[in-house]
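These are my notebook entries on one protein chain. I record what I looked up, entry by entry.

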Amino acid sequence: MTHGKEEFSNGQNANIQKWSAYIKGSANRQDFLECALDWVSNGNIGDYMSRHRFDNNIDELKRYFNTVIDWVSAVFNDVESEMRGLEWGRLYEKYHKTSYSPAQVSAEVKKLYADPYIKNRRGIFEYVLGGLTDTKLLDVRVFDEATKKSVYTSQTKKAEAKGVSNCPLCAIGHDANKSTIWKLAEMDADHVAAWSKGGETNIKNCQMLCKTHNRAKGNR
Ligand SMILES: [Zn+2]
């Protein structure tokens, strides 16, 4: 504990500025020490402390902590304020065996930062680490009710005139729903061009699908 405080709670430590990019808090409140313990113990600080109570050095703790910090700073060239306080220990364990091109990562992060549809910027880093698949991390903006209603109305009007379903995917199908007119509440908004492929969240890129087809289409 004493050694830990010397290393992590010493305001004179030259590394503090580097650590502060990724960890919230300050040396005198022992936030860095707590974070180091949290990472090395995978969240079981009490357990780790009792197992290492009689150690006369903190080599393992320091090594692990520095490994995580070095990994983050090697993968992400740019330091963004939203990186502070993320679960870097968990992300290191999950992704450090994957190899990344820092230049490509940097380009992806920049592109996502410029995307006005992303509500949760803190999710960008894990989204990139995970290979740009889990859009749930980003909390992408969805279509508002006025847009849905307006699209529903014009879509339904056209479908009724043609005698086909107001779900465009039902309309081209061959089952009993071919001419079903769904109620607004029975449909969901869909990005015609998927958001992940550059499709925008505006009325031009919105279509209403019946719930079954929207679920089947999956990505947004
Ligand atoms: Zn349908």
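Entry 1. I began with a term: helices are DSSP runs (H or I) of at least four residues, numbered from the N terminus. By that numbering, I located K148 in helix α9, which spans residues 145-162.

Entry 2. I noted that the model is predicted, and I looked up its confidence. The protein chain has a mean pLDDT of 93, and 99% of its residues reach 70 or more. I then looked at the individual elements: the lowest mean pLDDT, 86, belongs to α1, and the highest, 98, to helix α8 (residues 124-129).

Entry 3. I returned to K148 and asked: why is K148 classed as partly exposed? I found 18 other C-beta atoms within 10 Å of K148; a residue counts as buried at 20 or more and as exposed at 12 or fewer, so K148 falls in between. Setting aside neighbours within four places in sequence, I listed F143, A189 and M208 as the contacts of K148. I also looked up H3, which is 145 residues from K148 along the chain; their C-alpha atoms are separated by 60 Å.

Entry 4. I turned to helix α3, residues 31-40, and asked how many of its ten residues are buried. The count is seven, and α3 is thus mostly covered. I wrote down the buried residues of α3 as F32, L33, C35, A36, L37, W39 and V40. Their cover includes α1 (2-8), α2 (16-20), α4 (45-51), α5 (59-75) and α6 (88-95).

Entry 5. Lastly, I checked what follows α3: I found N42, with a positive phi near 55°.

Methods
Residues are numbered from 1 along each chain as its sequence is written. This is a predicted model: local features need pLDDT of at least 70, side-chain atom pairs count only at pLDDT 80 or more; totals for chains, interfaces and linings use all residues. Helices (H or I, at least four residues) and strands (E, at least two) are DSSP runs, numbered from the N terminus. Two residues are in contact if their C-beta atoms, placed from the backbone, lie within 7 Å. pLDDT is the predictor's confidence in each residue, from 0 to 100.
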